[in-house]
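Open the model in your viewer and keep the sequence panel beside it. The stops below each say what to select and what is there.

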Amino acid sequence: RTRFAKPTACDYSRVSNEAMTLARNAGYVTTNYQKFVFVFPTLPGCGWLGLGGGSYAWINQAATTLAIGHELGHTFGLGHASSLTCTSAGANASISDTCTMSEYGDGYAIMGNARTAHFTASQKVDLGYIASSAHKVHKGGTATYTLSPLETPGGATYTVKIPAGPM
């Protein structure tokens, strides 16, 4: 068996189960893999382009680097890259209780879902891509930090977190 009937509803779980069966029947040892990405051209009734979590990512008619990278981020345990916008009378303002949070607001990170980009620096620390010892947290006052380029191994400081409010 090399094919199965396309579901008539958004049954992505069935699609992934069938795909795993087909892979095993073709000789793949699926237990040798930690993450799985299931890409299908379109699944009726699914109003999303991608879903991800645990060990699985499902891509529905969006086989792009943005969709696959974003959903793989979820399989690595990452959440969305959000933003906080604070304004007063139409101008940027300090953090207050009138700010608006956008779940996908970080346009500079792939987990912000706006464009193909990297994970945020703090997400790279969480994933172990950047050693926690090379991730500094600014404690207040004035300080100077010298950042090492990410592509150069052995740097002392790659990222600095600057808290937006009191620590």
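Begin with the salt bridges, counted where a side-chain nitrogen of Lys or Arg lies within 4 Å of a carboxyl oxygen of Asp or Glu. By that rule there is 1 salt bridge. This is a predicted model, in which local features need pLDDT of at least 70 and side-chain atom pairs count only at pLDDT 80 or more, while totals for chains, interfaces and linings use all residues. Residues are numbered from 1 along each chain as its sequence is written, and side-chain values use heavy atoms, with hydrogens and water left out.

Select Glu18 and Arg14. Their side chains form the salt bridge, at 4.0 Å from N to O. Side chains of opposite charge can pair when their charged atoms come close. Both residues belong to helix H1 (residues 12-25), 4 residues apart, or about one turn of the helix. Helices (H or I, at least four residues) and strands (E, at least two) are DSSP runs, numbered from the N terminus.

Glu18 is buried, at 14%, whereas Arg14 is partly exposed, at 30%.

Next, select Val15, Met20, Phe36, Phe38, Phe40, Leu43, Cys46, Trp48 and Trp58. These 9 residues make up the largest nonpolar core, a core being a set of buried Ala, Val, Leu, Ile, Met, Phe, Trp, Tyr and Cys residues joined through side-chain atoms within 4.5 Å. H1 and strand E1 (36-40) each supply at least two of its residues, and E1 gives the most, with 3.

Now centre on Phe40. What is it in contact with, leaving aside its neighbours within four places in sequence? With contact meaning heavy atoms within 4.5 Å, the partners of Phe40 are Tyr12, Val15, Trp48, Trp58, Ile59, Asn60 and Gln61.

Move on to Leu78, Ala81, Ala109 and Ile110. They are among the 6 residues of a second, separate core.

Finally, show the whole protein as a cartoon. There are 3 helices and 9 strands, running α-β-β-β-α-β-β-β-β-α-β-β from the N terminus on. The radius of gyration, taken over C-alpha atoms, is 21 Å, well over the 15 Å of the globule rule for 167 residues, so the protein is more spread out than a compact globule. That rule is 2.2 Å times the number of residues to the power 0.38. Along the principal axes, the C-alpha atoms fill a box of roughly 65 × 45 × 25 Å. Buried residues make up 28% of the 167.

Definitions and conventions:
Buried means under 20% relative accessible area, exposed over 50%, partly exposed in between (1.4 Å probe, protein chains only).
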